[in-house]
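Reader: I am new to this structure and would like to go through it slowly, one question at a time. Could we look at it together?

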Amino acid sequence: SGITNEISSGTQYDQLAELQSSYNNLSVKFDSIKSTYYAGGADDVKVYNDAKLELTRANSAIQNVQSALDAGKPSNEVDSRIEFAKEKLDTANKAYNSL
């Protein structure tokens with residue numbers, strides 16, 4: 001079972017890298033439009049910050065995946081954290097697209 005765990009964690013590290021890359025790309029997109037929203041009124045700033053909060057939640061979920069891998073958590077727990085992080089990243093993408 002040690003070999004199975006290593007293969008699984010290798011795939012999980014790949015998935016983590018993909019999540020981090022997607023997060024970084026989305027973060028750049030958010031940063032690129034920040035000044036536009038901050039130049040608007042308080043309502044624009046709130047809309048932007050609400051969307052950006054989803055990105056922060058996604059980052060937190062991705063860090064939870066990293067923590068689980070670093071701690072050698074069981075594969076099924078890491079997988080569930082990966083799925084949760086994907087959901088949060090998807091939500092953050094939708095929030096960005098709604099801006």
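Reader: Which residue forms a salt bridge with Lys94?

Author: A salt bridge is counted here when a side-chain nitrogen of Lys or Arg lies within 4 Å of a carboxyl oxygen of Asp or Glu. The closest N and O atoms of the pair that Lys94 makes are 3.2 Å apart, and its two residues are four residues apart in helix α3, so about one helical turn separates them. The partner of Lys94 is Asp90.

Reader: What kind of model are these values taken from, and where does the numbering start?

Author: This is a predicted model in which local features need pLDDT of at least 70 and side-chain atom pairs count only at pLDDT 80 or more, while totals for chains, interfaces and linings use all residues. Side-chain values use heavy atoms, with hydrogens and water left out, and residues are numbered along each chain as its sequence is written, from 1.

Reader: Is Lys94 buried or exposed?

Author: With a 1.4 Å probe and protein chains only, a residue is called buried under 20% relative accessible area, exposed over 50%, and partly exposed in between. Asp90, at 38%, is therefore partly exposed. Lys94 has a relative accessibility of 54%, and so it counts as exposed.

Reader: How many salt bridges are there by this rule?

Author: One of them joins Arg81 to Glu77, with the closest N and O atoms 2.7 Å apart, and both residues lie in helix α3, four residues apart. Another joins Lys52 to Asp31, with a closest N to O distance of 3.3 Å. By this rule the count comes to six.

Reader: Why does the pair of Lys52 and Asp31 tie together parts of the chain that are apart in sequence, and how many residues apart are they?

Author: Helices are DSSP runs of H or I with at least four residues, numbered from the N terminus. Lys52 is partly exposed because its relative accessible area is 23%, and Asp31, at 45%, also counts as partly exposed. Since Lys52 lies in helix α2 and Asp31 in helix α1, the pair ties together parts whose separation in sequence is 21 residues.

Reader: How far apart are the end C-alpha atoms of α2?

Author: The expected span of a helix is 1.5 Å times one less than its number of residues. For the 29 residues of α2 this rule gives 42 Å, and the model agrees, because its end C-alpha atoms are separated by 41 Å.

Reader: Which residues touch the most other members of the largest nonpolar core?

Author: A nonpolar core is a set of buried Ala, Val, Leu, Ile, Met, Phe, Trp, Tyr and Cys residues joined through side-chain atoms within 4.5 Å. In soluble globular proteins, nonpolar side chains tend to be buried together. The largest core here has 23 residues, and those touching the most other members are Leu26 and Phe30.

Reader: Which element gives the largest share of this core?

Author: The elements that each give two or more residues to this core are α1 (2–39), α2 (42–70) and α3 (75–97). The buried residues of α2 include Val45, Tyr48, Leu55, Ile62 and Leu69. The largest share of the core is nine residues, and these come from α2.

Reader: Which residues does Leu89 touch, not counting residues up to four places away in sequence?

Author: Leu89 is found in helix α3, and it is buried because its relative accessible area is 6%. Contact means heavy atoms within 4.5 Å. With that cut-off, Leu89 touches Leu19, Ser22, Tyr23, Leu26 and Ala58.
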